[in-house]
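Me: I have a model open and want to learn how to read it. Can you take me through it feature by feature?

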Amino acid sequence: MPDPTPLAQDLLQPLWQAGWYGAARHLASPNFGPRPEGAQIDLVVIHSISLPPGQYGTGAVQQLFTNQLDWDAHPYYQGIRGLEVSSHFFVTRQGEIWQFVSCDDRAWHAGVSQWRGRDRCNDDSIGIELEGLEGLSFEAPQYQALQQLCSAIAAQYPVHYIAGHEHIAPGRKQDPGPGFDWQRLQQQLGSVDGTQSWEFPPHASPPA
Ligand SMILES: [Zn+2]
């Protein structure tokens, strides 16, 4: 990434084509639909996932999001057999960014959820999955990629809120969990997006 300048938004905008981020690897998922008419895309939702849980770089997350996962390949998959989900983005442990659904469309990552006084967060949010296991920490390249991605999203969509799955579906979901450093991301985004105001979860705490 070049050094941030006041022109950063202008430089980033051509990176988007029909909701696809040019700096990501694209792998189209069938699991998406249209957003509701007039949806205001103002929320970024942070998740964590790894398949099998705690194993990285297996390719199974990409397979899950494209309905290609072999449910018999691991005992854990029995519990999620038939699941049809997606996210807009997936960030590997090495900081590689994958995209599965156009941000103009509605991905299936949030489920029953509620945030900033609105429910059905899939309608008007962008979902980012970090390769990881809830409770454990994340890698420096992932924070770097996340900052780059959030800044690019902010240059293209009217995002203002950022929250974890655990915040928008409390009691039901726990990702990305206490190992995710919200303050680190907040500092990174604050130092880059001087003009962009991000509203973080009020109780996002540093890792234990
Ligand atoms: Zn999640």
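Reply: Start with pairing. Two strands pair if DSSP finds at least two bridges between them. Strands (E, at least two residues) and helices (H or I, at least four) are DSSP runs, numbered from the N terminus. Here L43 stands opposite S125 in strand 11. Before going on, two points on the source. This is a predicted model: local features need pLDDT of at least 70, side-chain atom pairs count only at pLDDT 80 or more, and totals for chains, interfaces and linings use all residues. Residues are numbered from 1 along each chain as its sequence is written.

Me: In which sense do strand 5 and strand 11 pair, and over how many bridges?

Reply: The sense is parallel, over seven bridges. Strand 6 also pairs with strand 11 in the parallel sense, over three bridges. There F90 stands opposite E129.

Me: Is strand 11 mostly covered or mostly open?

Reply: First the cut-offs. A residue is buried if 20 or more other C-beta atoms lie within 10 Å of its own, exposed if 12 or fewer, and partly exposed in between; C-beta atoms are placed from the backbone. Strand 11 is mostly covered, with seven of its seven residues buried. S125, G127, E129 and E131 point one way, while I126, I128 and L130 point the other way.

Me: Which residues is V45 in contact with, leaving aside its neighbours within four places in sequence?

Reply: Contact means that two C-beta atoms, placed from the backbone, lie within 7 Å. For V45 the list is H109, A110, C121, S125, G127, I128, A163, H165 and I168.

Me: And how do I read a helix?

Reply: An α-helix has 3.6 residues a turn, so residues three or four places apart point the same way. In helix 3 the buried residues are Q142, A145, L146, L149, C150, A152, I153 and A154. Next, check the span. The expected value is 1.5 Å times one less than the number of residues. Helix 3 has 17 residues and reaches 25 Å from its first C-alpha to its last, close to the 24 Å expected.

Me: Why does N67 count as partly exposed?

Reply: Because N67 has 14 C-beta neighbours inside 10 Å. R116 is partly exposed because 13 other C-beta atoms lie within 10 Å.

Me: How far apart are L136 and P178 in sequence and in space?

Reply: They are 42 residues apart in sequence and 7.3 Å apart in space, C-alpha to C-alpha. L136 is in the loop between strand 11 and helix 3.
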